[in-house]
Amino acid sequence: MLSLHSARSRASHPGRDPRIGLAIAGGGPIGAMYELGALRALDEACDGLDLTRMDCYVGVSSGAFLAAGLANRMDTAQLCRVFITGDSTDVRFRPETFLRPALTEYLRRLGAAPRLAGGLARDLLLGRGDSRWSDLLTRIGGLVPTGLFDNAEVEHFLRDVFSRRGRSNDFRKLERPLYVIAVDLDSGEAVRFGGEGWDDVPISRAVQASAALPGLYPPVALRGRQFVDGALRRTMHASVVLDRDVDLMIGINPLVPFNAGGRRRAGRGQAGRRIADGGLPVVLSQTFRTLLQSRMQVGLARYAQQYPGIDQLVFEPNPSDGELFYTNVFSFAARRRVCDLAYRNTLADLRTRAGELRPLLAAHGIELRDELIADEGRSILDGLLPAPRHSDTTARLQRALDDVERHITRRQHHAGHP
């Protein structure tokens, strides 16, 4: 599903290349896989769009993983080899790394049990305090861990990835601006890692903080503050990109409410079921998705008025994709299927809206590859070539050669040469 807001009056910038920004929302592991599929489709279908050389990136929660990778010149083919096919010669991804129990958090909470129990018993014996069930539940709540899984391993994984082959774990050393959004748990303030005053925080730590979804991962401590998932304030934080003087903003949001009345009502084994039949987890998922998308739609409508000179494209799943809705949002097992679904959905959006998109994209030096978007049976694996075997040295050399080639091409373009 594509939301398109065309600029009412595009600004003219003679001698300047079009500036394009990318905003990627959160959505857990499955949301990230949907986003990767959508990004891969855009990468293949749009001639003139280089997702590793955008003029600004903003990533929230699981979207921060992809934004940080792209800003580090890891293209969508590389990311697919890492997370989907598993044949990357560079990065070894193990889902269990992201799902290790937070034993330290468990032990810390368990260690507080004697103190809490002693305090409760003392108050009851002395007749102090409220001995009702509500008070008991409140006190016991202090023993519940703030997260099931250990996100320290997430940070270790990213630190390793961004410390090799010419990549960087330092916001200040990236060629293009990258912003990763997290929320201060104690104040509710959204913090922009990569921005002024926060650009010295390692990218891996910023992503760890941005993806600390309450209940799944514990808050991340930085500078004496506790940070959690950046989506708690806004879904996509697209305004961060729009404020960077871009001409085109591309957004990816993987979480939309499921339309149970649609023709494709549900996934495998879910035919004929109502949402409430799935119990509390499914009801909460629908509620969470509805709140997020409602908030984002209000924001996009406001942005269309606030930034009338910027074209805005936001790609989302179809509301009738029950197979996506009923897939466990924290599951890694379905990542190839979800990624391929996103790939096909995005190509279908480009195909269906091609008439509107062609003039809009052409204003930013982008053309649709008609033969590719016309192929309705195309899979995300069809254009994925075998992984190149580079050492760290040859990978750095290849990056340098790509830079030289791009510099020459741009000079020829501005000089008016073919």
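Modeller: What follows goes through the cavities and then the salt bridges. This is a predicted model, in which local features need pLDDT of at least 70 and side-chain atom pairs count only at pLDDT 80 or more, while totals for chains, interfaces and linings use all residues. Residues are numbered from 1 along each chain as its sequence is written, and side-chain values use heavy atoms, with hydrogens and water left out.

A cavity here is a set of points, on a 1 Å grid over the protein atoms alone, where a 1.4 Å probe fits but cannot get out; lining residues have an atom within 4 Å of a point. Points are joined across faces, edges and corners, and a volume is the space filled by probe spheres set on them. The whole structure holds four cavities of 30 Å³ or more.

The largest cavity has about 80 Å³ of space. Its lining includes Phe65, Gly69, Met74 and Phe157. At least two lining residues come from each of α2 (62–71), α3 (76–85) and α7 (152–161); helices are DSSP runs of H or I with at least four residues, strands are runs of E with at least two, and both are numbered from the N terminus. By class, this lining has ten nonpolar residues, one polar and no charged. Nonpolar covers Ala, Val, Leu, Ile, Met, Phe, Trp, Tyr, Cys and Pro; charged covers Asp, Glu, Lys and Arg; the others, Gly among them, are polar.

The second largest cavity has about 50 Å³ of space. β10 (311–315) and α13 (354–362) each give at least two residues to its lining, which has ten nonpolar, no polar and no charged residues.

Now the salt bridges. Each is a side-chain nitrogen of Lys or Arg within 4 Å of a carboxyl oxygen of Asp or Glu, and the count comes to 21. In one of them, aspartate 55 pairs with arginine 176, with the closest N and O atoms 4.0 Å apart. These partners are 121 residues apart and link distant parts of the chain. Aspartate 55 is buried at 18% relative accessible area, where buried means under 20%, exposed over 50% and partly exposed in between, with a 1.4 Å probe and protein chains only. Arginine 176 is also buried, at 17%.

Another salt bridge joins aspartate 90 to arginine 164, at 2.7 Å between the closest N and O atoms. Aspartate 90 lies in the loop between α3 and α4 (103–111) and arginine 164 in the loop between α7 and β5, so the pair ties together parts 74 residues apart in sequence. Aspartate 90 is buried at 14%, whereas arginine 164 is partly exposed at 22%.

Technical notes
1 Å grid on protein atoms, 1.4 Å probe; cavity = no way out; pocket = protein on both sides within 12 Å on 5 of 7 lines; lining within 4 Å.
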